[in-house]
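Reader: I have a structure here and a few things to check. Can we go through it piece by piece?

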Amino acid sequence: MKSLKGKIIWTAVFVCLVALTIFAVTNQSSSFTVDGFVGFVKKIKWYWLVLSFLAMFGFAFFEGMAIRTLCRMFGYKKSVKRNVVYASADVYFSAITPSASGGQPASALFMIGDGIPTTVTTIVLLINLTLYALSIIVVAFICFIFGHGQMAQFDGWSLTLIIFGCVIQVVLVGVFLMLVYKEKIVMKIADFVVRILSKLHLMKRGEKWKTRLEKAEERYKECAQAILQNKRYVFQAFIYNFLQRASMMLVTVFVFAGHYGRYSELGKVFITQGYIVIGSNTVPIPGAVGVADYLFIDGFSSAVAEPTNFELLSRGISFYGSVVVCGLITLGAYVVKGYREMRRKKNEK
């Protein structure tokens with residue numbers, strides 16, 4: 001009951017943030033009108049709009065394929081449909097909770113319920129999270145190599161977010177690699193910090209934290225062994241993670257192509273969207289709501305005549321549409337799960 005209440009509260013907070021963001025985005029533009037937005041949508045060629053929605057669904061699909069690949073290396077083969085459920089739970093709860101903290105626990109709930117051991121589930125989600133961060137680093141590398149000049153179209157605040165986001169992703173991947181391959185050094189440092197803080201009475205239950213560290217060390221050892229023995233699976237999962245990120249970025253590209261038709265500029269659109277992803281990904285706000293919208297309008301204000309309409313539709317499909325679809329898939333999976341448990345209990349009586 002407490003968990004359900006928390007989910008409802010975070011959903012309500014997320015909806016409020018979305019409403020405030022849309023209000024702010026539309027009111028900052030003196031030329032925005034509802035009729036103008038409707039007209040903007042109507043001008044888009046229908047097949048580009050269809051491609052935009054297909055790309056949007058690719059975000060959950062490719063993450064599901066990445067999880068499926070990592071589970072297979074441990075011998076657990078689940079259908080594509082079930083893995084899309086795991087991914088949808090991650091996407092939805094990552095979007096509505098700060099720093100995406102609720103995504104992995106939601107995925108784990110379904111995975112463990114399907115008979116995948118807790119240890120395997122933890123390792124799979126940990127590796128997948130790291131590959132996700134690595135895919136963003138690759139996106140950053142592509143943007144800096146092929147479109148470093150486009151950074152000039154962002155203001156100082158946006159550039160700060162982009163640089164900060166890139167640094168954070170590199171640090172996350174670096175910490176993961178240290179924990180996997182140099183876990184004894186990291187654990188000794190962590191144990192030393194815990195002991196010092198306990199002696200200074202700045203940390204309570206020092207022994208409890210020490211036990212957690214020991215369990216974490218075992219988990220990372222298993223993680224390292226899994227990676228070393230299954231490099232092919234890990235590489236495949238990375239490709240899926242990159243495709244997941246690319247598919248979401250392509251929504252903006254397809255909307256641009258469908259409305260403006262300037263096909264020679266699609267590469268620049270992709271790179272600009274890449275910078276937006278880098279700058280918004282590490283912001284500890286549910287779904288980076290507000291921040292991603294600001295980066296989008298700032299990045300495209302000099303490239304298009306109607307940045308507000310362009311932002312509302314692109315972001316509406318790529319993020320808000322994805323959250324709605326993944327939320328419905330997750331809700332449906334919860335309902336089916338509850339119904340089956342109810343039937344099982346009824347048959348046991």
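Reader: Start with helix α11. How many residues does it have, and how far does it reach from its first C-alpha to its last?
Author: This is a predicted model, so everything here is computed from predicted coordinates. Helix α11 covers residues 266-280, which is 15 residues, and it reaches 21 Å from first C-alpha to last. That is close to the 21 Å expected at 1.5 Å a residue.

Reader: Is α11 mostly covered or mostly open?
Author: Mostly covered, with twelve of the 15 residues in α11 buried.

Reader: Which residues of α11 are buried?
Author: Leu266, Val269, Ile271 and Thr272 are among them, and so are Gln273, Gly274 and Tyr275. The list also includes Ile276, Val277, Ile278, Gly279 and Ser280.

Reader: On to the largest nonpolar core. Which of its residues touch the most other members?
Author: Phe14, Met111, Ile127, Tyr275 and Phe310, out of 82 residues in that core. Helix α10, residues 231-260, gives the core its largest share, 13 residues.

Reader: Change of topic. How many salt bridges does the count come to?
Author: Three. One of them joins the side chains of Asp114 and Arg82, at 2.9 Å from N to O. That pair links distant parts of the chain, 32 residues apart: Asp114 sits in the loop between α5 (103-113) and α6 (118-147), and Arg82 in helix α4 (residues 80-96).

Reader: Which residue does Arg315 form a salt bridge with?
Author: Asp293, with the closest N and O atoms 3.7 Å apart. This pair also links distant parts of the chain, with Arg315 in helix α13 (residues 307-348) and Asp293 in helix α12 (residues 291-300), 22 residues apart.

Reader: Why do Arg315 and Asp293 count as buried?
Author: Buried means under 20% relative accessible area. Arg315 has 11%, so it is buried, and Asp293 is buried because its value is 3%.

Reader: And what does Glu265 pair with?
Author: Glu265 forms a salt bridge with Arg262, the closest N and O atoms being 2.9 Å apart. Glu265 is partly exposed at 26%, and Arg262 is partly exposed at 29%.

Reader: Last one, the surface. Which residues form the nonpolar patch?
Author: Trp46, Tyr47, Val50, Leu51, Leu54 and Tyr263. Together they have about 640 Å² of accessible area.

Reader: Where is Leu54 placed, and is it buried or exposed?
Author: Leu54 is in helix α3, residues 46-72. Leu54 is exposed, with a relative accessible area of 56%.

Conventions:
Residues are numbered from 1 along each chain as its sequence is written. This is a predicted model: local features need pLDDT of at least 70, side-chain atom pairs count only at pLDDT 80 or more; totals for chains, interfaces and linings use all residues. Side-chain values use heavy atoms; hydrogens and water are left out. Patches are made of residues with over 30% relative accessible area and no salt bridge: like charges are joined within 9 Å, nonpolar side chains (Val, Leu, Ile, Met, Phe, Trp, Tyr) within 5 Å. Accessible areas come from the Shrake-Rupley method with a 1.4 Å probe; for residues, only the protein chains shown count as cover. A salt bridge is a side-chain nitrogen of Lys or Arg within 4 Å of a carboxyl oxygen of Asp or Glu. Helices (H or I, at least four residues) and strands (E, at least two) are DSSP runs, numbered from the N terminus. Buried means under 20% relative accessible area, exposed over 50%, partly exposed in between (1.4 Å probe, protein chains only). A nonpolar core is a set of buried Ala, Val, Leu, Ile, Met, Phe, Trp, Tyr and Cys residues joined through side-chain atoms within 4.5 Å. The expected span of a helix is 1.5 Å times one less than its number of residues.
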